[in-house]
Amino acid sequence: MALGATTGTVTGLVLKQCLRLAVIGIGLGAPLALGLFRLLASRLVFMRVFDVAVVGAGLLLVGSAALAAGYIPSRRAALIDPIETLRYD
């Protein structure tokens with residue numbers, strides 16, 4: 001911000017980095033979760049092998065949490081005056 005970046009640029013940069021990590025985590029975690037889901041389905045009686053609603057809700061929840069975890073702090077940091085920040089450092 002002190003070098004001329006806008007609030008949208010700062011927020012977008014932080015969100016891009018945060019969502020990239022979330023996509024990598026979902027990409028690695030989803031196949032592992034499906035494998036564990038099959039293992040649990042073989043042990044439990046009334047559990048289907050692949051429940052699309054549960055997996056979709058879980059992925060949506062993780063994606064929403066990652067978006068909120070990136071957006072809220074980045075927006076708060078982008079609204080701070082750069083001169084005040086430099087004064088306190």
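Author: To start with helix H2, its buried residues include Ala66, Gly70, Ser74 and Ala78. Bear in mind that this is a predicted model.

Reader: What do the buried residues of H2 pack against?

Author: They pack against helix H1, which covers residues 7–43.

Reader: How far apart are the end C-alpha atoms of H2, and what span should its residues give?

Author: The end C-alpha atoms of H2 are 38 Å apart. The helix has 27 residues, 52–78, and at 1.5 Å a residue they should span 39 Å, so the two values agree.

Reader: Take Ser74. Where is it, and is it buried or exposed?

Author: Ser74 sits in helix H2. Its relative accessible area is 3%, and under 20% counts as buried, so Ser74 is buried.

Reader: Which residues does Ser74 touch, sequence neighbours aside?

Author: Thr11 and Val14, once residues up to four places away in sequence are not counted.

Reader: Then Thr11. Which helix is it in, and what is it in contact with?

Author: Thr11 belongs to helix H1. Leaving aside neighbours within four places in sequence, Thr11 is in contact with Tyr71, Ser74, Arg75 and Ala78. Ser74 and Ala78 are among the buried residues of H2.

Reader: And is Thr11 buried or exposed?

Author: Buried. The relative accessibility of Thr11 is 7%, and the cut-off for buried is under 20%, so Thr11 qualifies.

Reader: Stepping back, how many helices and strands are there in the chain?

Author: The count is 3 helices and 0 strands. Read from the N terminus, the elements go α-α-α.

Reader: Is the chain compact or spread out?

Author: The chain is more spread out than a compact globule, because its radius of gyration is 20 Å, well over the 12 Å that the globule rule gives for 89 residues.

Reader: What box do the C-alpha atoms fill?

Author: Roughly 65 × 20 × 15 Å, taken along the principal axes.

Reader: How much of the chain is buried?

Author: Buried residues are 11% of the 89 in the chain.

Reader: Which residues make a nonpolar surface patch?

Author: Leu21, Ile24 and Leu28 make one of about 340 Å². Leu21 is placed in helix H1. Its relative accessible area is 62%, and over 50% counts as exposed, so Leu21 is exposed.

Reader: Back to contacts. What share of them is between residues 24 or more positions apart?

Author: It is 64%, taken over the contacts in the chain with a separation of 6 or more.

Reader: What about Ile72 and Leu15?

Author: Ile72 and Leu15 are 57 residues apart in sequence, and the C-alpha to C-alpha distance is 9.6 Å. Ile72 lies in helix H2, and at 56% relative accessibility Ile72 counts as exposed.

Note on methods
Residues are numbered from 1 along each chain as its sequence is written. This is a predicted model: local features need pLDDT of at least 70, side-chain atom pairs count only at pLDDT 80 or more; totals for chains, interfaces and linings use all residues. Side-chain values use heavy atoms; hydrogens and water are left out. Helices (H or I, at least four residues) and strands (E, at least two) are DSSP runs, numbered from the N terminus. The expected span of a helix is 1.5 Å times one less than its number of residues. Buried means under 20% relative accessible area, exposed over 50%, partly exposed in between (1.4 Å probe, protein chains only). Contact means heavy atoms within 4.5 Å. Patches are made of residues with over 30% relative accessible area and no salt bridge: like charges are joined within 9 Å, nonpolar side chains (Val, Leu, Ile, Met, Phe, Trp, Tyr) within 5 Å. Accessible areas come from the Shrake-Rupley method with a 1.4 Å probe; for residues, only the protein chains shown count as cover. A salt bridge is a side-chain nitrogen of Lys or Arg within 4 Å of a carboxyl oxygen of Asp or Glu. The radius of gyration is taken over C-alpha atoms; the globule rule is 2.2 Å times the number of residues to the power 0.38.
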